[in-house]
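Dear colleague,

I am passing on a structure for you to look through, with my notes placed below it. Please read them alongside the coordinates.

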Amino acid sequence: MLGASVLATLAPFLALHSGYTAGALALLALGLRRVPRTARHWCARRRVCSGGAAAWAAAIVIMGLAWAMHIVDGGEVIWRTLGVGRSAKCFLILPIVLALISAPLRADTLRWACWLGAAGAGLLALHEVLVLGQERADGHTNAIQFGNLALLLGAWSAAWALHARHAGQSVLVCAAGWLAAALGLGASIASGSRGGWLALPLLALMLALLAAALRALTVRRAAPLLAAAAAASLLLLALPPVHERLALVQREWQQAGSAPLAAGTSVGLRRSFWRFAWEQGGAQPLAGIGQRGYERALAAAAKDGRLPAVAVEFNHAHNEWLDMWAKRGLLGCVALALFYAVPAVLLWSAWRRAWRQRTGYGSAANVAAAARATAALCGLLAVAGYLVFGATQVMFAHNNGNMFYLLGISVWLAASGALGAGAGVQR
């Protein structure tokens, strides 16, 4: 039941509208069944969960409290996604974490969840561009969110394709993994999301390191793999659709430098948003001005001509850190830092622990250790991707970006063994 719920969460994430809902609800139900038992253990002063699970739960709670900082504005409760809904979903993830640490997951389940998720995103992007004639694929969200999340699904698919080869899977199974990875990357390219492509070299480097580790290569022998990853990234960046979008960035940046408002360009708007968000955070550096306060200030700036009139159509600063600084100040930035740092440290520790536990090449223990290491790397890919995406987009301002991170990171932490001995990956 646990594996089926994880599969139902990740596989249809982008292919269907709110595709994660059914799987997430199933995980929530499994977790809620464990709450009474956990409460009894807590009352009996028994150990409820590992230090890793407690640390991740604490990071989630702190982030949920940060979202709730300005949940009441002028005596009115904000119920929209950026209000009660956003904060509540952080707390609802906690039972899901309990479900994920209740039993190990199968490597096949994780593998096919990623492959089906990336393939679904790629096929949807092809349908939108080739059949519907859209200029940019946007899935059931917007083009930036769709492209960035599809890129991560493609990277996860590549990681599990590498593991499938190490685990002795058939050529057809491995080919399915690489096809899924290509479709995920294709969805990113079809979306035209330039900010996401900045993560390509970093993600390729991390995948090359996984390939080197799976093949037990020395650092010297891993050099060709790293060079190949760098060359592949450059080749992708040279593709005509990608090259044209990146060349447009350069032109728009130069135009924005000479015309600060640059109402007609996305780069010019971003520069205006970043400067505006920095100023708003400086006015209330501890707790920020809140979502509604930011929107009011944005409307006033657009009316006064300090921002382009089109700025009122956006409710965030197109930079994760500056947006948090403006709306929730230093406290929000600390919560965001923990939201990234806690899983990154846990996943890195799980990666190192998995490779210390490996035995002879091809043994069952070695394959299981490699699966835990692959899961840890998938989580690190997500953290790294979100850090890069956040430079030009506020991923957490959108519900799918928030849920993808919360659910995905929780799955990879559990599968890597970072949340306790009861979790992990079984062969």
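A residue is called buried under 20% relative accessible area, exposed over 50%, and partly exposed in between (1.4 Å probe, protein chains only). This is a predicted model, in which local features need pLDDT of at least 70 and side-chain atom pairs count only at pLDDT 80 or more, while totals for chains, interfaces and linings use all residues. Residues are numbered from 1 along each chain as its sequence is written, and side-chain values use heavy atoms, with hydrogens and water left out.

Ser 18, which is not a glycine, has a positive phi of about 50°; Ser 18 sits in the loop between helix H1 (2-10) and helix H2 (21-43), helices being DSSP runs (H or I, at least four residues) numbered from the N terminus, and it counts as partly exposed because its relative accessibility is 35%. His 318 has a positive phi near 60° and lies in the loop between helix H13 (290-304) and helix H14 (320-356), but His 318 is buried, with a relative accessible area of 7%.

Leaving aside neighbours within four places in sequence, Thr 374 is in contact (heavy atoms within 4.5 Å) with Ala 159, Trp 160, His 163 and Leu 210.

Best regards

Methods. Helix = DSSP H or I, 4+ residues; strand = E, 2+ residues; numbered from the N terminus.
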